[in-house]
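Me: I am new to this structure and would like to understand the words used to describe it. Please show it to me first, and then I will ask about them.

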Amino acid sequence: GDLDLTEDAIIIGVGAPFIDANGIDRVFDIQVGATVEIHTMLIRGGEATIGAGIRNEGTLTMYGGVVAENTGVFPEGIMGGSIGGGIFSDGTLVLEGTQVRENSADHGGGIEIVGPGTLDMSGGSPMIHDNIAHETGGGLAVGTGATATLTGVEIWRNEAGYDGGGIFNGGTITMNQGEVNENTSGIVGGGLVNYFGGHVVATETRFEENTADQGGAIHFGLGQVGPAQV
(Lines give C-alpha, C1' and ligand atoms only; values in the text may rest on other atoms or scores of the structure.)
Protein backbone atom coordinates (compact mmCIF):
# COMPACT_ATOMS: atom_id res chain seq x y z
CA GLY A 1 0.00 0.00 0.00
CA ASP A 2 0.95 3.66 0.32
CA LEU A 3 3.75 4.97 2.51
CA ASP A 4 2.10 6.27 5.69
CA LEU A 5 3.96 9.08 7.43
CA THR A 6 2.49 9.41 10.92
CA GLU A 7 5.40 11.26 12.57
CA ASP A 8 7.85 14.01 11.60
CA ALA A 9 10.24 13.00 8.84
CA ILE A 10 12.81 14.39 6.40
CA ILE A 11 13.31 12.51 3.12
CA ILE A 12 16.33 13.54 1.06
CA GLY A 13 16.93 12.31 -2.46
CA VAL A 14 20.49 11.77 -3.69
CA GLY A 15 21.26 11.58 -7.40
CA ALA A 16 18.04 11.07 -9.36
CA PRO A 17 15.82 9.19 -6.91
CA PHE A 18 12.19 8.25 -7.47
CA ILE A 19 9.41 6.33 -5.81
CA ASP A 20 7.01 4.60 -8.20
CA ALA A 21 3.80 3.14 -6.76
CA ASN A 22 3.28 1.20 -10.01
CA GLY A 23 -0.48 1.73 -9.85
CA ILE A 24 -0.92 -0.25 -6.61
CA ASP A 25 -1.90 2.66 -4.32
CA ARG A 26 -0.99 6.31 -3.72
CA VAL A 27 2.66 7.07 -3.00
CA PHE A 28 2.68 9.12 0.26
CA ASP A 29 -0.04 9.54 2.89
CA ILE A 30 0.99 12.31 5.33
CA GLN A 31 -1.31 12.09 8.31
CA VAL A 32 -2.61 14.63 10.80
CA GLY A 33 0.10 15.92 13.13
CA ALA A 34 3.06 14.91 10.95
CA THR A 35 5.53 17.52 9.66
CA VAL A 36 7.38 16.23 6.61
CA GLU A 37 10.08 17.54 4.26
CA ILE A 38 10.77 15.90 0.89
CA HIS A 39 13.88 17.01 -1.00
CA THR A 40 14.59 16.37 -4.71
CA MET A 41 12.37 13.36 -5.29
CA LEU A 42 10.31 12.14 -8.25
CA ILE A 43 6.95 10.80 -7.05
CA ARG A 44 5.03 8.88 -9.69
CA GLY A 45 2.78 5.97 -10.55
CA GLY A 46 0.25 6.43 -7.76
CA GLU A 47 -3.43 5.50 -8.07
CA ALA A 48 -6.06 6.45 -5.50
CA THR A 49 -9.41 8.20 -5.17
CA ILE A 50 -7.98 11.04 -3.04
CA GLY A 51 -4.44 12.27 -3.67
CA ALA A 52 -3.02 9.66 -6.02
CA GLY A 53 0.54 10.95 -5.68
CA ILE A 54 0.36 12.53 -2.22
CA ARG A 55 -2.42 12.96 0.32
CA ASN A 56 -1.41 15.58 2.87
CA GLU A 57 -3.38 16.07 6.06
CA GLY A 58 -0.42 17.37 8.05
CA THR A 59 2.37 19.79 7.07
CA LEU A 60 4.38 19.04 3.94
CA THR A 61 7.24 21.03 2.41
CA MET A 62 8.75 19.89 -0.88
CA TYR A 63 12.05 21.32 -2.08
CA GLY A 64 12.49 20.75 -5.81
CA GLY A 65 11.31 17.43 -7.10
CA VAL A 66 8.51 16.36 -9.38
CA VAL A 67 5.06 14.88 -8.82
CA ALA A 68 4.14 13.22 -12.11
CA GLU A 69 2.06 10.54 -13.81
CA ASN A 70 -0.29 9.82 -10.92
CA THR A 71 -3.91 8.89 -11.60
CA GLY A 72 -7.08 9.52 -9.65
CA VAL A 73 -9.47 6.55 -9.82
CA PHE A 74 -13.06 6.19 -8.64
CA PRO A 75 -15.32 3.12 -8.39
CA GLU A 76 -17.94 2.79 -11.09
CA GLY A 77 -21.61 3.04 -10.21
CA ILE A 78 -21.07 5.40 -7.24
CA MET A 79 -21.77 9.13 -7.18
CA GLY A 80 -18.71 11.36 -6.90
CA GLY A 81 -15.25 11.43 -8.40
CA SER A 82 -11.53 11.31 -7.74
CA ILE A 83 -9.75 14.42 -6.48
CA GLY A 84 -6.14 15.58 -6.51
CA GLY A 85 -4.40 13.47 -9.11
CA GLY A 86 -0.95 14.71 -8.17
CA ILE A 87 -1.53 16.12 -4.68
CA PHE A 88 -4.54 16.45 -2.39
CA SER A 89 -4.15 18.61 0.72
CA ASP A 90 -6.36 19.88 3.50
CA GLY A 91 -3.30 20.67 5.62
CA THR A 92 -0.32 22.99 5.11
CA LEU A 93 1.45 22.52 1.77
CA VAL A 94 4.61 24.37 0.68
CA LEU A 95 6.13 23.68 -2.75
CA GLU A 96 9.53 25.26 -3.44
CA GLY A 97 10.71 24.90 -7.04
CA THR A 98 8.51 21.83 -7.51
CA GLN A 99 6.89 20.63 -10.74
CA VAL A 100 3.47 18.97 -10.79
CA ARG A 101 2.88 17.48 -14.23
CA GLU A 102 1.03 14.83 -16.23
CA ASN A 103 -1.35 13.81 -13.45
CA SER A 104 -5.08 13.21 -13.81
CA ALA A 105 -8.27 13.04 -11.74
CA ASP A 106 -11.93 13.97 -12.01
CA HIS A 107 -11.35 17.16 -10.00
CA GLY A 108 -7.99 18.86 -9.48
CA GLY A 109 -5.92 16.98 -12.01
CA GLY A 110 -2.64 18.40 -10.71
CA ILE A 111 -3.41 19.71 -7.21
CA GLU A 112 -6.58 19.91 -5.10
CA ILE A 113 -6.62 22.10 -1.96
CA VAL A 114 -9.71 22.02 0.27
CA GLY A 115 -10.52 24.07 3.36
CA PRO A 116 -8.90 24.75 5.70
CA GLY A 117 -5.84 23.80 3.66
CA THR A 118 -3.20 26.25 2.44
CA LEU A 119 -0.79 26.14 -0.49
CA ASP A 120 2.32 28.31 -0.84
CA MET A 121 4.10 27.63 -4.14
CA SER A 122 7.21 29.54 -5.24
CA GLY A 123 10.96 29.09 -5.75
CA GLY A 124 12.99 28.28 -8.84
CA SER A 125 10.83 27.36 -11.86
CA PRO A 126 7.70 26.11 -10.06
CA MET A 127 5.29 24.66 -12.61
CA ILE A 128 1.88 23.02 -12.88
CA HIS A 129 1.63 21.67 -16.41
CA ASP A 130 0.06 19.04 -18.66
CA ASN A 131 -2.41 17.78 -16.05
CA ILE A 132 -5.95 16.64 -16.87
CA ALA A 133 -9.19 16.93 -14.91
CA HIS A 134 -12.07 15.00 -16.43
CA GLU A 135 -14.44 17.55 -14.87
CA THR A 136 -13.03 20.64 -13.07
CA GLY A 137 -9.64 22.17 -12.27
CA GLY A 138 -7.15 20.76 -14.74
CA GLY A 139 -4.04 22.21 -13.12
CA LEU A 140 -5.19 23.42 -9.70
CA ALA A 141 -8.48 23.34 -7.78
CA VAL A 142 -8.90 25.51 -4.67
CA GLY A 143 -12.00 24.74 -2.64
CA THR A 144 -14.15 26.88 -0.37
CA GLY A 145 -12.21 27.91 2.73
CA ALA A 146 -8.83 27.04 1.18
CA THR A 147 -6.04 29.52 0.37
CA ALA A 148 -3.33 29.43 -2.31
CA THR A 149 -0.40 31.83 -2.74
CA LEU A 150 1.40 31.41 -6.06
CA THR A 151 4.61 33.35 -6.73
CA GLY A 152 6.29 32.99 -10.11
CA VAL A 153 4.30 29.85 -10.88
CA GLU A 154 3.80 28.76 -14.51
CA ILE A 155 0.49 27.01 -15.19
CA TRP A 156 0.68 25.56 -18.70
CA ARG A 157 -1.25 23.21 -21.00
CA ASN A 158 -3.65 21.80 -18.43
CA GLU A 159 -7.10 20.55 -19.46
CA ALA A 160 -10.53 20.29 -17.83
CA GLY A 161 -13.51 18.54 -19.36
CA TYR A 162 -15.91 21.07 -17.84
CA ASP A 163 -14.59 24.15 -15.99
CA GLY A 164 -11.23 25.70 -15.13
CA GLY A 165 -8.60 24.30 -17.43
CA GLY A 166 -5.77 25.99 -15.57
CA ILE A 167 -7.40 26.86 -12.23
CA PHE A 168 -10.77 26.23 -10.59
CA ASN A 169 -11.26 28.53 -7.60
CA GLY A 170 -13.86 28.68 -4.88
CA GLY A 171 -11.46 29.88 -2.18
CA THR A 172 -8.79 32.59 -2.07
CA ILE A 173 -5.89 32.82 -4.52
CA THR A 174 -3.07 35.37 -4.61
CA MET A 175 -0.92 35.25 -7.75
CA ASN A 176 2.20 37.29 -8.42
CA GLN A 177 4.51 37.29 -11.45
CA GLY A 178 3.05 34.09 -12.85
CA GLU A 179 1.86 32.76 -16.18
CA VAL A 180 -1.38 30.99 -17.04
CA ASN A 181 -0.95 29.90 -20.64
CA GLU A 182 -2.35 27.41 -23.18
CA ASN A 183 -4.88 25.82 -20.83
CA THR A 184 -8.22 24.53 -22.13
CA SER A 185 -11.63 23.66 -20.75
CA GLY A 186 -14.67 22.12 -22.37
CA ILE A 187 -17.18 24.66 -21.09
CA VAL A 188 -15.94 27.75 -19.18
CA GLY A 189 -12.74 29.33 -17.88
CA GLY A 190 -9.88 28.07 -19.99
CA GLY A 191 -7.32 29.84 -17.82
CA LEU A 192 -9.27 30.37 -14.60
CA VAL A 193 -12.83 29.93 -13.41
CA ASN A 194 -14.03 31.57 -10.18
CA TYR A 195 -17.11 30.26 -8.35
CA PHE A 196 -18.85 30.27 -4.96
CA GLY A 197 -17.67 33.66 -3.78
CA GLY A 198 -14.04 32.92 -4.56
CA HIS A 199 -11.48 35.73 -4.36
CA VAL A 200 -8.55 36.17 -6.76
CA VAL A 201 -5.81 38.79 -6.71
CA ALA A 202 -3.45 38.57 -9.70
CA THR A 203 -0.47 40.93 -9.95
CA GLU A 204 1.96 40.98 -12.90
CA THR A 205 0.45 37.72 -14.11
CA ARG A 206 -0.04 36.86 -17.78
CA PHE A 207 -3.02 34.95 -19.22
CA GLU A 208 -2.25 33.93 -22.80
CA GLU A 209 -3.68 31.49 -25.37
CA ASN A 210 -6.20 29.85 -23.03
CA THR A 211 -9.37 28.49 -24.63
CA ALA A 212 -12.95 27.63 -23.61
CA ASP A 213 -16.48 28.01 -24.96
CA GLN A 214 -16.96 30.90 -22.50
CA GLY A 215 -14.24 32.94 -20.82
CA GLY A 216 -11.13 31.73 -22.58
CA ALA A 217 -8.89 33.53 -20.10
CA ILE A 218 -11.08 34.11 -17.01
CA HIS A 219 -14.70 33.28 -16.20
CA PHE A 220 -16.69 34.41 -13.16
CA GLY A 221 -19.52 31.96 -12.57
CA LEU A 222 -23.17 32.64 -11.89
CA GLY A 223 -24.80 31.83 -8.60
CA GLN A 224 -21.95 33.00 -6.41
CA VAL A 225 -22.73 33.34 -2.72
CA GLY A 226 -20.40 36.23 -1.96
CA PRO A 227 -18.21 38.88 -3.54
CA ALA A 228 -15.79 37.78 -6.22
CA GLN A 229 -12.90 40.03 -7.19
CA VAL A 230 -9.97 39.90 -9.53
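Me: What makes the contact between aspartate 29 and arginine 55 a salt bridge?

Reply: This is a predicted model, in which local features need pLDDT of at least 70, side-chain atom pairs count only at pLDDT 80 or more, and totals for chains, interfaces and linings use all residues. Residues are numbered from 1 along each chain as its sequence is written, and side-chain values use heavy atoms, with hydrogens and water left out. A salt bridge is a side-chain nitrogen of Lys or Arg within 4 Å of a carboxyl oxygen of Asp or Glu. The closest N and O atoms of aspartate 29 and arginine 55 are 2.7 Å apart, so the pair qualifies. Aspartate 29 also meets arginine 26 in a salt bridge, at 3.8 Å from N to O.

Me: Why can the pair of aspartate 29 and arginine 55 be said to tie parts together?

Reply: Aspartate 29 lies in strand S4 (residues 28-30) and arginine 55 in strand S8 (residues 54-56), so the pair links parts that are 26 residues apart in sequence. Strands here are DSSP runs of E with at least two residues, numbered from the N terminus.

Me: Which residues do salt bridges with shared partners join into one network?

Reply: That network consists of Asp2, Arg26, Asp29 and Arg55.

Me: Why is glutamate 102 called partly exposed?

Reply: Buried means under 20% relative accessible area, exposed over 50%, and partly exposed in between, with a 1.4 Å probe and protein chains only. Glutamate 102 has a relative accessible area of 39%, and is therefore partly exposed.

Definitions and conventions
Helix = DSSP H or I, 4+ residues; strand = E, 2+ residues; numbered from the N terminus.
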